[in-house]
Amino acid sequence: MKHFEKRLPDAELEIMKVIWSNPNPISTSEVKKHIDEQTEKQRTQQTLQTLLNRLIAKEYLIKDKRGKEYIYTAAVSERDYVEYESELFLKKMHGNSVASLMRALFDSRKISDEDISELEKMFKEKRDDN
């Protein structure tokens with residue numbers, strides 16, 4: 001897993017989600033189109049370019065040119081970033097205790113029977129691997 005300096009601000013994460021969910025590479029205009037469709041905030045071209053440049057500087061994106069347009073490819077996988085964010089959350093909010101996280105989910109009633117079945121399957125697979 002790639003080492004991350006710190007979590008991405010929401011606006012930058014929004015762009016990375018668009019890039020991760022679309023075939024790479026993706027052009028600036030395609031990123032803007034998806035952002036405009038998926039969020040209530042309409043980003044100006046200048047704002048979008050600033051955010052893309054920040055992601056390049058942080059080494060989350062690779063920039064190339066295709067014809068007259070710039071294209072972007074993810075340099076960081078979604079899975080790696082989700083693992084990083086999850087570890088931060090678990091450490092910050094639950095003292096690195098998965099049991100504490102599970103208790104919070106159960107207590108909030110945000111966990112469905114389907115979720116419980118999936119978790120049971122994952123726990124069984126993990127136990128069988130050991």
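Me: Hi! Which residue lies over the face of Tyr 70?
Reply: That is Lys 63, and its distance from the ring centre is 4.0 Å. Keep in mind that this is a predicted model.

Me: Thanks. What is the mean pLDDT of the protein chain, then?
Reply: The mean is 90, and 97% of the residues reach 70 or more.

Me: And where is confidence lowest, and where is it highest?
Reply: Helix α5 (residues 98–108) is lowest, with a mean of 87. Strand β1 (residues 26–27) is highest, at 96.

Me: Why does pLDDT matter when I look at the coordinates?
Reply: Where pLDDT is low, the predicted coordinates should not be read in detail.

Me: Good to know. New topic: how many salt bridges are there?
Reply: The count comes to 8 salt bridges. One of them joins the side chains of Arg 54 and Glu 12, at 3.9 Å from N to O.

Me: Is Glu 12 buried or exposed?
Reply: Glu 12 is buried, with a relative accessible area of 2%.

Me: And what about Arg 54?
Reply: Arg 54 is partly exposed, because its relative accessible area is 43%, which falls between the 20% and 50% cut-offs.

Me: Which residues are in a salt-bridge network with those two, Glu 12 and Arg 54?
Reply: Lys 58 joins them, so the network links Glu 12, Arg 54 and Lys 58.

Me: OK, which residue does Lys 32 meet in a salt bridge?
Reply: Lys 32 meets Asp 36, with 2.9 Å from N to O. Both lie in helix α2 (residues 28–38), 4 residues apart, or about one turn of the helix. Lys 32 and Asp 36 are both buried.

Me: What does Lys 124 pair with?
Reply: Lys 124 forms a salt bridge with Asp 128, at 2.9 Å from N to O. These two are in helix α6 (residues 113–129), 4 residues apart, again about one turn.

Me: Buried or exposed, that pair of Lys 124 and Asp 128?
Reply: Lys 124 counts as exposed at 54% relative accessibility, and Asp 128 is exposed too, at 52%.

Me: How many residues of α6 are buried?
Reply: Of its 17 residues, the number buried is 1, so α6 lies largely in the open.

Me: What span should α6 have, and how far apart are its ends?
Reply: At 1.5 Å a residue, α6 should span 24 Å, and its end C-alpha atoms are 24 Å apart, so the two agree.

Me: Last topic, rings. How many aromatic pairs does the structure hold?
Reply: It holds 3 aromatic pairs. Among them is the pair of Tyr 81 and Tyr 84, which is tilted, with 5.8 Å centre to centre and 45 degrees between the planes.

Me: Where do Tyr 81 and Tyr 84 sit?
Reply: They are in helix α4 (residues 78–94), 3 residues apart, so about one helical turn separates them. Tyr 81 counts as buried at 2% relative accessibility, and Tyr 84 is buried at 12%.

Me: Which residues do ring pairs link into a cluster?
Reply: The cluster is made of Trp 20, Tyr 60, Tyr 81 and Tyr 84.

Technical notes:
Residues numbered from 1 in each chain as written. Predicted model: local features only at pLDDT ≥ 70, side-chain atom pairs only at ≥ 80, totals over all residues. Heavy atoms only, no water. Salt bridge = Lys/Arg side-chain N within 4 Å of Asp/Glu carboxyl O. Buried < 20%, exposed > 50% of the residue type's maximum accessible area, 1.4 Å probe, protein only. Expected span 1.5 Å × (residues − 1). Phe/Tyr/Trp six-rings, centres within 6.5 Å; stacked < 30°, edge-to-face > 60°. Lys NZ or Arg CZ within 6 Å of the ring centre and 35° of its normal. pLDDT = per-residue confidence, 0-100.
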